[in-house]
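Here are my notes on the structure, point by point. Please read them with the coordinates open.

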Amino acid sequence: VSPDYYLLDELLTDDARAVRDRVRAFVDGEVTPVINDYWAEAEFPFALVPKIAELGIVGSTIEGYGCPGLSPLAAGMATLEMARGDGSITTFVGVQSGLAMGSIALLGSEEQKKRWLPSMATLDAVGAFALTEPEHGSDSVSLETWARHDGEHWVLNGAKRWIGNASFADVVIVWARDVDDRQVKAFVVEKGADGSHPDGYSTELITGKIGKRAVWQPDVELRDVRVPADNKLAGANTFHDATRVLTATRGGAAWEALGHAVAAFEIALDYAGRRKQFGKPIASFQLVQHTLAGMLAEITSMQLYCVRMAQLQAQGSWTGPMASLAKLNHARKARQVCLDARDILGGNGLLLEHHVARHLTDMEVVHTYEGTDNIQALIVGRDLTGIAAFA
Amino acid sequence: MPEADLTARARDYLDLDGLLTGEERALRDRVRGFVDERIRPNIARWYEDAHFPREIAAEMGKLGLLGMHLTGYGCAGRSAVEYGLAALELEAGDSGLRTFVSVQGSLAMSAIHKFGTEEQKRTWLPGMAAGELIGCFGLTEPDAGSDPAAMTTTARRDGDTWVLDGAKHWIGLASIADVAVIWAGSDEGVRGFVVPTGTPGFAATAIEPKLSMRASIQCDIGLDGVRLPADAVLPGAHGLRGPFACLNEARYGIIWGAMGAARDAYETALAYALRRRQFGVPIAAFQLTQQKLVDMVLEIQKGLLVALHTGRLKDAGTLAPEQISFGKLNNVREAIAICREARTVLGGNGVTLEHSPARHADNLEGVRTYEGTDEIHTLIMGRALTGIPAFTTGAQS
């Protein structure tokens, strides 16, 4: 059963439906059966990467350069279905498509796009996006990684944190502050011909995560890392350019949250129909039906939100505050849906075997990354009132 | 009024009565009896007619409810816990009538009692304690609500007299009051004045129509060259500390009062659920209804514990203002949620004045805002936690 209570399938285009079906088949056939072990061991499922490449979703809405040029609706459905399977893989793809390739597509020169995007679209090259720092999470606007122009090179120094894929990525977009004009710019740190990262680039996995355990989000240290001048993204010249990328990806986080909520709901509904207590399925209890109906109400409103978001993106009227409102709403609501679902499963809900606890704890990551609830609220608040209240 | 007989467990789930002394219980029962006899049978009509029953002041005075935690000058000299229990029972009747007792005792009388001269106390307090005279307390202004430091009402010396000019807003009882305690800015900072309401230039008009506290009166006050003798000033109050000390008294009573409204709404909902039948069974037999009732009891019992503990601290003399904020913020917030949920148990019948929950919920909207909004109490607590006042930060562009 898919919770399509308001017949939203009718609003999907053929391409969106096709993408949904492809990703759903992949998730049901390849991801769900194996992902719990990776999650438990905090191992990244490299074996799945070639199969992801075949789905035709990497590169998402980017046109040309070997990318699929999905409509925003199709791209959203891909994210939803991926998250319905697993949050770690969703992040892997999101970092690749939305953040790393998105930065290049949005801010790169024609030559830079030709240089990097085609191999990234096939996942022959994996990307990463290094913005967050140990001391600058929500206020990444104050980031302290420095870039110094030195002849034909830029020299990068600093530290980054929570950088998905960065320990093995071929193409790392590093945001750093130019010592000369103090503006934030983006630089592409590449592996060399020998397959190793340049001197001075090192990573250390962050261990002990309680969510998204199957994707690696390491600390990155940059010590006099030299990148060729050509590797500065041509259009990335202020912090505002980074926010343009984030505005696009925040919509993806909303779809992702919805995917987790859908998964949790489906698991809970199925369980409630099978689990018997007091001689009947727990689905026959008023309290359980009340919870299920409440979950479906939230999911349906999230679906409507997402479909409208895709329309606005397609017509080019999508704004940063709109993205923040969607991310804020979906992260809150989906987290609650996952909590309610976990509760319906009782003690079994605590076991990885039933998947719902994984969706719940992955949702904790979604609640924080791509801008916390607080930050989204302040972005919307500034838009509403004209008053910035960040500090 | 709950018609069904509720069990002892349903009425006092954690046996909190056992935490009270015999004397405290006796006082509580007296006030409860008064509420049952004088308020419950009439409140729907008073509320609908937006009528404050002036005559009830003297009856409350006889019971010792006015300025009851003050000593001397005809006041009852009861403990903070006893005053709290009275507020609880009164608000189980109606927030508007508990508000009268708060304004009279905790604000107007306590200002005179704390900061007045012997002469001022003797002149005003005995009549106020008896309910023969009604007092009000003018701090809030049209443009100075949460931020009383922004007040623009002024007091200036003119020879041997003081002259007050300005405006006050949301002042309980002002249009029927005999005396007003008015706070105004002067060369010496904020000062308080005892103003007989017949003084030329003093005018109070009721704010109407209200959707909350309809059985109580809140007013605009205009002060137009109100000339007062030199001895009208309250000598003991300098700066905003004066009015804040009074607010803390009133806020304390709200901690109890809000739980009274919540208890009455819950008991009404429980009694109704036991007697109302749908699908062939009392609606109390439905899981969803039981969940609502249980959630109400959880919060009421916790709220009562907070109130009682706060009262014991107050009687011990160690209660800090930021601890009062804890109770005011929590108990009013939870009480509103309880009353609204209780209303849903009563279904369509819950939207009439025949039943108390909707009236309590609407009353509590007023309670939630006055004596410090949720936001202000949050910031008082936040400052206490962090050491950082955040009343104005986060608001600069």
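1. A residue counts as buried when its relative accessible area is under 20%, as exposed when over 50%, and as partly exposed in between. That cut-off carries much of what follows. Keep in mind that this is a predicted model.

2. Start with Glu256(A). Its relative accessible area is 4%, so Glu256(A) is buried. Its salt-bridge partner is Lys212(A), with an N to O distance of 2.3 Å. Is Lys212(A) buried or exposed? Lys212(A) is buried, because its relative accessible area is 0%.

3. Where do the two partners sit in chain A? Lys212(A) is in the loop between β8 (201-204) and β9. Glu256(A) belongs to helix α6 (residues 239-274) of chain A. The pair therefore ties together parts that are 44 residues apart in sequence.

4. A second bridge in chain A joins Arg161(A) to Asp219(A), at 2.9 Å from N to O. Arg161(A) lies in the loop between β5 (153-160) and β6 (171-178), and Asp219(A) in strand β9 (residues 219-228), so this pair links parts that are 58 residues apart in sequence.

5. Arg20(A) is buried at 13%. Asp21(A), at 40%, is partly exposed. What larger group do they belong to? Salt bridges that share partners join Asp9(A), Asp14(A), Arg17(A), Arg20(A) and Asp21(A) into one network. Over all chains, the count comes to 50 salt bridges.

6. Turn to chain B. Helix α11 (residues 357-369) has 13 residues. From first C-alpha to last it reaches 19 Å, close to the 18 Å expected. Its buried residues include Arg359(B), His360(B) and Asn363(B), along with Leu364(B) and Val367(B).

7. What do the buried residues of α11(B) pack against? They pack against α3 (43-49), α5 (80-93), α6 (95-115), α8 (241-275) and α10 (321-345) of chain B. Check the residue Glu371(B), which follows α11(B): its phi is positive, near 60 degrees.

8. Thr99(B) lies in helix α6 of chain B. Thr99(B) is buried, with a relative accessible area of 3%. Leaving aside residues up to four places away in sequence, Thr99(B) touches Met213(B), Ser216(B), Gln218(B) and Tyr370(B).

9. Glu371(B) returns at the second largest pocket. About 1300 Å³ of space lies in this pocket. Of the 44 lining residues, those nearest its centre are Thr140(B), Gly145(B), Arg251(B), Glu371(B) and Gly372(B).

10. Which elements line the second largest pocket? In chain B, α6, β3 (161-172), α8, α10, α11 and α12 (374-386) each supply at least two residues. Helix α12(B) gives the most, with 6 residues. By type, the lining divides into 20 nonpolar, 16 polar and 8 charged residues.

Definitions and conventions: Residues are numbered from 1 along each chain as its sequence is written. Chains are lettered from A and ligands numbered from 1 in the order in which they are written. This is a predicted model: local features need pLDDT of at least 70, side-chain atom pairs count only at pLDDT 80 or more; totals for chains, interfaces and linings use all residues. Side-chain values use heavy atoms; hydrogens and water are left out. Helices (H or I, at least four residues) and strands (E, at least two) are DSSP runs, numbered from the N terminus. The expected span of a helix is 1.5 Å times one less than its number of residues. Buried means under 20% relative accessible area, exposed over 50%, partly exposed in between (1.4 Å probe, protein chains only). Contact means heavy atoms within 4.5 Å. On a 1 Å grid over the protein atoms alone, a cavity is a set of points where a 1.4 Å probe fits but cannot get out, and a pocket is an open set with protein on both sides within 12 Å along at least five of seven lines; lining residues have an atom within 4 Å of a point. Grid points are joined across faces, edges and corners, and a volume is the space filled by probe spheres set on the points. Ala, Val, Leu, Ile, Met, Phe, Trp, Tyr, Cys and Pro count as nonpolar, Asp, Glu, Lys and Arg as charged, and the others, Gly among them, as polar. A salt bridge is a side-chain nitrogen of Lys or Arg within 4 Å of a carboxyl oxygen of Asp or Glu.
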